[in-house]
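Subject: Structure for you to look over

Hello,

Here is the structure I said I would pass on. My notes follow below it.

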Amino acid sequence: MDKLRYVKAGQIMANDAEMIRFLDIEGNLLHSTVFGLLDEKKDIRLTSQEIKKAYEFMVLSRQQDTYMTQLQRQGRMLTFAPNFGEEALQVASGMALTKDDWFVPAFRSNATMLYLGVPMIRQMQYWNGSEKGNIIPENVNVLPINIPIGTQFSHAAGIAYAAKLTGKKIVAMSFIGNGGTAEGEFYEALNVASIWKWPVVFCVNNNQWAISTPNKYENGAPTIAAKAMAAGIPGLRVDGNDLLASYEVIKEAVDYARSGNGPVLVEFVTWRQGVHTSSDNPRIYRTEEEEKENEKWEPMHRIEKFMFDRGILNPQEKQQIWDRALLIVKETYEKSLVGLESTIDDIFDYTYSELPPELAEQKKEALEFFKGVK
């Protein structure tokens, strides 16, 4: 795998002053990354069409979060976890996977799921309390959302184990937040996958916060990428608000794992714009000034500047993309309300192929209890 520029055996980015970045704070292409000179023609493998498609999915996710936030404040949507500010790293990760690969999401993986083909209506149903939201189309290799912190890494490792056992050249990918790297399952998954060289890419969206706990009180390591050292796998650190850099790094990580070299840990450095979930209040633990300073690096305007400079996008097209995305979101929400209610049958009948006696008894009691309830 000598052709890989960033992901190499033994490569650990343990200096918090370093990260792989292609675009500066305004969206201008940098002349160099942490590994030397950047040749735009050679080092940016995405075509203009692919970049524009990625941007469209970033906008779709942003508009979905914006509209769902409005709905939640009106009492028309339940508590949910928005993806504000993390759209670039999520879409880039989805772009690196093939249709046969598997993605194991966390609860903040909306943009990746959209890109990989999970219908938006499913996510809206899920966040409005319906288990119908967990129905994934048969041709989409994405697991349902994992809420317990850390479990998704074990699931991804297991899928990669199965792939190696069956000889399939597929890769499993999963995400966790920076707070989740303090969980035992994080280390256990990295360790066992490293021992047996399973084809899995472990991703961390380091948005600087574990709900209200800042990263400096959650991690003692100089970087999250440095935690790869204990497992003996590469640990990369990339600007997660930079679509171009995020894609190049995650694509190499996927290629490295697919080639039988074992797992990779990728730390995407980003910033959680707004709330942890819609029931959170960031004003309790961080200032507006701190948010404004960090959000100068947010992903949208940076990739837009890059696209404007190269004629990939113009202001009129930009407005059309944002308007079209909002219309899709609004129409999808209205469709998501149809059949949203759950019945007693829905609650009991989809856990086992045949209900065990104790659940059959509970179902009978529930039907009797609600018989007279209107």
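N261 is partly exposed, as its relative accessible area is 27%. Please keep in mind that this is a predicted model. N261 belongs to helix α9, which covers residues 243-261. Between the C-alpha atoms of N261 and G129 there are 41 Å, and the two residues stand 132 apart along the chain.

The other notes concern a pair of helices.

Helix α2 runs over residues 48-73 and helix α5 over residues 120-127. Two packed helices are described by the angle between their axes and the distance between the axes. For α2 and α5, the axes come within 12 Å and cross at roughly 30 degrees. Angles under 35 degrees count as roughly parallel, and α2 and α5 are therefore roughly parallel to each other. Their crossing is right-handed.

Which residues make the contact? From α2 they are L60, Q64 and M68, which meet M120, Q123, M124 and W127 of α5. Sorted by class, the contact of α2 with α5 holds 5 nonpolar and 2 polar residues, with no charged ones.

As for α2 itself, its 26 residues reach 38 Å from the first C-alpha to the last. That is close to the 38 Å expected at 1.5 Å a residue. Just after α2 comes G75, with a positive phi of about 80 degrees.

Regards

Definitions and conventions. Residues are numbered from 1 along each chain as its sequence is written. This is a predicted model: local features need pLDDT of at least 70, side-chain atom pairs count only at pLDDT 80 or more; totals for chains, interfaces and linings use all residues. Side-chain values use heavy atoms; hydrogens and water are left out. Axes are lines fitted to C-alpha atoms, for helices over the stretch in contact, and angles run from 0 to 180 degrees between N-to-C directions. Helices (H or I, at least four residues) and strands (E, at least two) are DSSP runs, numbered from the N terminus. Angles under 35 degrees count as roughly parallel, over 145 as roughly antiparallel, 65 to 115 as roughly perpendicular and the rest as oblique. A crossing is left-handed if the near helix is turned anticlockwise from the far one by less than a right angle, and right-handed if clockwise. Contact means heavy atoms within 4.5 Å. Ala, Val, Leu, Ile, Met, Phe, Trp, Tyr, Cys and Pro count as nonpolar, Asp, Glu, Lys and Arg as charged, and the others, Gly among them, as polar. The expected span of a helix is 1.5 Å times one less than its number of residues. Buried means under 20% relative accessible area, exposed over 50%, partly exposed in between (1.4 Å probe, protein chains only).
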